[in-house]
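Please look over the sequence and the model displayed below before reading on. The report that follows goes through selected sites and the strands around them.

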Amino acid sequence: MKDSSVELDWTPFRAAEKRFKARFPPPDLSQDVLDLALLNATRASEIEAGIWKGTTSGLEYRKLTGDVEAYVTPRIPGLVLLPGFLDHATQRALVQWSLADHARQPNETNLDIHYVLPEDGLWNPSGPRKLINNTPATLENFSELSATPKLPSAPSGTAQPTLASALIRKLRWANIGWSYHWGTKQYDFAKGKVKVDESLAEVCRKAVNAVDWKQVYGPTDASDWGESGPGWQTWDQDYEPDAGIVNFYQTKDTLMAHVDRSEVCATSPLVSISIGNAAVFLIGGLTRDSDPVPILLRSGDVVIMSGPTCRRAYHGVPRILENTLPDHLTGQGPWAPYEDYLTTTRININVRQVFPKGFDPS
Ligand SMILES: O=C(O)CCC(=O)C(=O)O
Ligand SMILES: [Fe+2]
């Protein structure tokens with residue numbers, strides 16, 4: 001019999017990651033993985049086409065009233081789920097944007113470290129992202145943080161020359177806006193600002209403004225908001241994305257439990273867009289010691305992480321769900337190369353606000 005004492009050592013978050021990573025037998029998502037697409041009849045064929053299905057029964061969630069479908073979960077205050085927020089055309093446009101327009105200079109990608117990329121772009125990491133415990137950014141320590149030298153990572157001594165078409169499968173991330181330095185997990189303000197694409201910023205603003213935040217926080221919110229940026233009452237005017245990352249996952253990739261704490265605005269909405277294959281997203285508490293909530297994210301779903309509790313919550317992606325590319329991301333002709341790439345891919349566009357609107361760090 002297998003010694004179960006090993007499992008007793010795992011934190012609840014680690015145990016959940018192990019469970020969803022398992023290949024033989026694969027995890028059963030139908031017990032406890034929140035799959036809000038099941039509530040929308042227009043997504044039935046998309047769900048039936050894949051083998052993976054979560055559930056909504058017996059799980060804790062609350063639907064907000066309003067023009068778009070929006071849900072909150074009582075365990076994670078500030079987390080808002082907008083299933084199917086992006087229509088099919090917007091999903092396709094964001095695929096093209098991520099691959100053809102964005103994953104190239106001046107936006108840094110993981111590939112820049114080891115390869116000289118074609119100037120016109122390419123139209124994962126080579127391993128999981130290294131976890132670095134960084135100092136949370138604040139308006140006070142920000143000049144000190146920005147003065148810390150951000151040394152480039154050492155190029156691999158073993159990387160072989162590779163064709164651009166093969167490199168695309170090694171693409172793992174591309175920066176949006178402020179340059180992010182993975183070595184120190186801090187923004188490299190010295191590199192200057194690259195503007196966030198206007199149509200992406202508009203999608204994010206629309207998502208934030210589609211939510212009636214009163215219903216999320218209301219008059220009874222007991223969390224400590226500190227001084228880190230404007231509160232939810234004025235997000236309709238103050239929210240302005242200025243940074244982020246596009247994550248490209250191949251079906252075997254995972255993103256370990258982490259907290260994104262590099263933003264000076266530690267409470268403003270982080271808008272996270274899922275496109276391509278579906279995934280299991282885990283979000284828990286301030287440490288890895290509380291049981292995370294598992295959520296099934298499908299193509300077109302948007303997640304907003306906001307407020308002091310949710311923005312400091314451990315989260316991660318233990319599983320990309322293979323064979324879940326929806327029909328609207330397949331196609332012939334000029335779309336064929338995109339379909340080919342997307343068959344094994346999930347794209348996550350993770351958009352953040354580092355600074356209060358109008359704040360100039362220079
Ligand atoms: O892929 C996702 O859904 C989450 C990505 C994420 O947490 C991050 O980029 O910090
Ligand atoms: Fe994150």
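## Annotated site, ligand shell and sheets

His258 has its place in strand S8, which spans residues 255–258; helices (H or I, at least four residues) and strands (E, at least two) are DSSP runs, numbered from the N terminus. This is a predicted model, in which local features need pLDDT of at least 70 and side-chain atom pairs count only at pLDDT 80 or more, while totals for chains, interfaces and linings use all residues. Residues are numbered from 1 along each chain as its sequence is written, and chains are lettered from A and ligands numbered from 1 in the order in which they are written.

In an unreviewed entry, UniProt lists His258, Asp260 and His315 under "binding site"; such positions are given in the numbering used here, feature names are shortened, and annotations may be inferred rather than shown by experiment. The three are spread over 58 residues of sequence, yet they cluster in space, with a largest C-alpha distance of 9.1 Å.

Burial is judged from C-beta atoms placed from the backbone: a residue is buried if 20 or more other C-beta atoms lie within 10 Å of its own, exposed if 12 or fewer, and partly exposed in between. The table sets out three residues on this basis.

| Residue | Other C-beta atoms within 10 Å | Class |
|---|---|---|
| His258 | 14 C-beta atoms | partly exposed |
| Ser98 | 24 C-beta atoms | buried |

His315 is found in strand S13 (residues 315–321). Not counting residues up to four places away in sequence, His315 touches Ala257, Phe281, Leu282 and Ile283, where contact requires that the C-beta atoms of two residues, placed from the backbone, lie within 7 Å.

Which residues surround ligand 1? The shell consists of Ile245, Asn247, Leu255, Asp260, Ser272, Phe281, His315, Val317, Asn348 and Asn350, a residue being near a molecule if its C-beta atom, placed from the backbone, lies within 6 Å of it. Strand S7 (243–250), S13 and strand S14 (345–352) are the elements that give two or more residues to this shell.

S8 and S13 also belong to an open sheet of four strands, with the order S8-S13-S10-S11 and antiparallel pairing; two strands pair if DSSP finds at least two bridges between them. S8 and strand S11 (293–297) stand at the edges, each with a single partner strand, so one side of each has no neighbour in the sheet. Direction ignored, neighbouring strands of this sheet are turned by 25° against each other on average; axes are lines fitted to C-alpha atoms, for helices over the stretch in contact, and angles run from 0 to 180 degrees between N-to-C directions. Strand S10 (residues 278–283) pairs with S11 in the antiparallel sense over five bridges, and Phe281 has Ile295 in S11 as its bridge partner. Helix H2 (residues 12–21) lies across S8, S10, S11 and S13, and runs at about 10° to S13.

Strand S9 (residues 270–276) is mostly covered, since seven of its seven residues are buried. S9 pairs in the antiparallel sense with strand S12 (residues 302–305) over four bridges, and with S14 over six bridges. Leu270 has Met305 in S12 as its bridge partner, while Ile273 has Ile349 in S14.

Ile349 is also one of the contacts of Ser98, which, leaving aside neighbours within four places in sequence, include Ala103, Val246 and Ile347 as well. Ser98 itself is found in helix H4 (residues 88–102).
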